[in-house]
Amino acid sequence: MKKILLGGLIILNIFFLSSCTKDFDSLNTDPNRIDEVTPGSLLTPTIYGMSTYFTERSYSFTWQLMQVGLPNPSVARGVHRYEVNENAGNGTWNTLYKWLRNTREMEQAAIESELPIYTAVAATLEAYIAGILTDSFGDVPLSEALRAEEGINQPKFDTQEEIYRYLIDKLENANLVYEAGGEMTGNDLLYNNDVEKWRKFNNSLLMRLLLRTSKRTEFDSYNRLKGMIDNAGKYPIFTSNEEAALVPISGMSPYDYAWGRRQDYVNFEAMSSFFVDLLNDLEDPRRALFMTQASELVDGKVVPIGYKGIPSAHSGDASQFNYNPSTPQGDLMVHTALGTEIIEVIMTYAEVEFIKAEVALHFNDRAGAKEAYEKGVTASITQWKGGTVPANYFDNEFVAFGGTMEQLMTQKYLALFFNDYQQWFEYRRTGYPVLPKTEYMLHDGVMPTRFMYHNDVRRYNPENYQIAAERIGGDDVMTKVWWEK
């Protein structure tokens with residue numbers, strides 16, 4: 001476990017700090033090494049660091065849990081069998097606090113430099129990062145976190161309700177700052193300093209957070225969301241893939257792909273039967289973008305057999321599969337031609353349309369739900385390079401709008417492909433899509449609902465850790481967080 005020194009203080013709760021003044025000679029080639037802390041200089045390191053980390057985590061964690069893909073071979077245990085051990089969230093904890101530090105420094109630098117637009121950008125990024133943090137763990141330190149230089153080495157844990165209220169307020173205030181306008185300078189990997197696109201990202205993220213609290217009646221989420229949707233002038237949101245938070249990655253230094261080697265992405269990984277069969281039922285054009293065709297050996301020759309996965313949480317006996325299953329399509333994330341641009345997902349336009357569709361369903365607006373649903377499906381296909389919607393796609397009985405929450409959330413599940421832990425979070429909120437269970441799953445086939453707190457927090461902040469653990473119902477992977485209850 002790591003402990004980072006800041007101004008001679010040891011941050012015992014391992015909240016990572018950004019090494020912003022390291023290796024000055026590499027300033028112009030490495031986005032994670034910064035000579036002078038200005039608001040703009042912190043932007044691209046944070047965006048690139050977060051998107052790249054969670055691209056890999058989508059693959060290594062979310063894919064397994066949500067039956068998108070799984071290691072192959074896999075003879076025992078593993079996340080796809082619901083084995084989420086006590087260390088599973090340590091990297092997430094470290095990474096999120098590391099980049100959360102950048103947003104705090106960005107906000108402070110913006111205040112000192114009298115550049116209010118960057119206080120809004122910092123708020124947007126803080127809400128994005130802290131949102132994943134609290135949805136992954138539940139109650140976490142936020143108001144007192146990262147304040148070791150003030151002598152706070154054992155921060156209290158804020159409740160998830162407090163965190164959500166704080167983040168929603170931050171996004172509301174940021175929207176007003178964006179509206180007032182301002183100039184952004186420096187390197188912006190995401191939006192190239194387009195303030196209006198940052199504002200749309202901010203408000204789209206606000207929609208995500210409001211929807212997450214849909215079970216908490218005290219938040220009045222659906223009415224608040226409807227108010228946003230009906231007032232696009234006050235709350236501009238994503239209206240196209242071009243405005244979405246999709247990070248362009250060239251694979252050329254300093255913007256390397258999430259995997260250094262193509263084989264690390266494509267080898268020893270199979271697509272899950274649930275995911276593949278769902279796309280087959282939809283006759284979905286994303287199959288060729290996401291995966292290879294399966295094959296079998298016939299008379300000594302390799303023969304393609306279409307798209308076919310293997311079941312998640314299978315018995316572990318590889319002899320039961322007499323074919324080579326579909327594997328990840330390498331060009332999606334580690335292109336053969338180095339320098340070819342791919343995307344890493346922070347937040348999609350499709351997600352916004354699916355939020356609008358759910359709100360419309362809630363208010364029995366079937367026509368509005370259908371329109372948003374079809375826009376969401378279309379956006380989720382076309383955001384990927386080469387993705388096109390066949391003319392008769394919505395004629396398929398499995399695709400044609402049926403007005404059910406299950407269908408809506410199943411398509412949203414596909415749209416959240418490679419989007420950090422969002423499939424997991426939305427499954428916990430809604431119970432969709434309905435995933436098959438097997439006897440080889442742990443916890444009687446019930447999916448884990450959170451990460452356990454980092455081990456060092458238990459060691460070095462024991463009093464506040466104990467208070468938080470008791471308050472949430474126990475530091476266990478099966479404990480439900482506040483918005484799930």
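A crossing of two helices is called left-handed if the near helix is turned anticlockwise from the far one by less than a right angle, and right-handed if clockwise. Here, helix 12 and helix 13 make a left-handed crossing; helices are DSSP runs of H or I with at least four residues, numbered from the N terminus. This is a predicted model, with local features needing pLDDT of at least 70 and side-chain atom pairs pLDDT 80 or more, while totals for chains, interfaces and linings use all residues. Residues count from 1 along each chain as its sequence is written, and side-chain values use heavy atoms, without hydrogens or water.

Let's stay with that pair. The axes of helix 12 (residues 405–415) and helix 13 come within 10 Å and cross at roughly 165°, the axes being lines fitted to C-alpha atoms over the stretch in contact, with angles from 0 to 180 degrees between N-to-C directions. Helix 12 and helix 13 are therefore roughly antiparallel, a label for angles over 145 degrees. Met405, Met409, Lys412 and Tyr413 of helix 12 touch Gln423, Glu426, Arg429 and Thr430 of helix 13, where contact means heavy atoms within 4.5 Å.

The whole structure has three cavities of 30 Å³ or more; a cavity is a set of points on a 1 Å grid over the protein atoms alone where a 1.4 Å probe fits but cannot get out, and lining residues have an atom within 4 Å of a point. Helix 3 (116–137), helix 5 (195–212) and helix 13 (422–430) each give two or more residues to its lining, and helix 3 gives the most, with five.

Notes: 1 Å grid on protein atoms, 1.4 Å probe; cavity = no way out; pocket = protein on both sides within 12 Å on 5 of 7 lines; lining within 4 Å. Points joined across faces, edges and corners; volume = space filled by probe spheres on them. Parallel < 35°, antiparallel > 145°, perpendicular 65-115°, else oblique.
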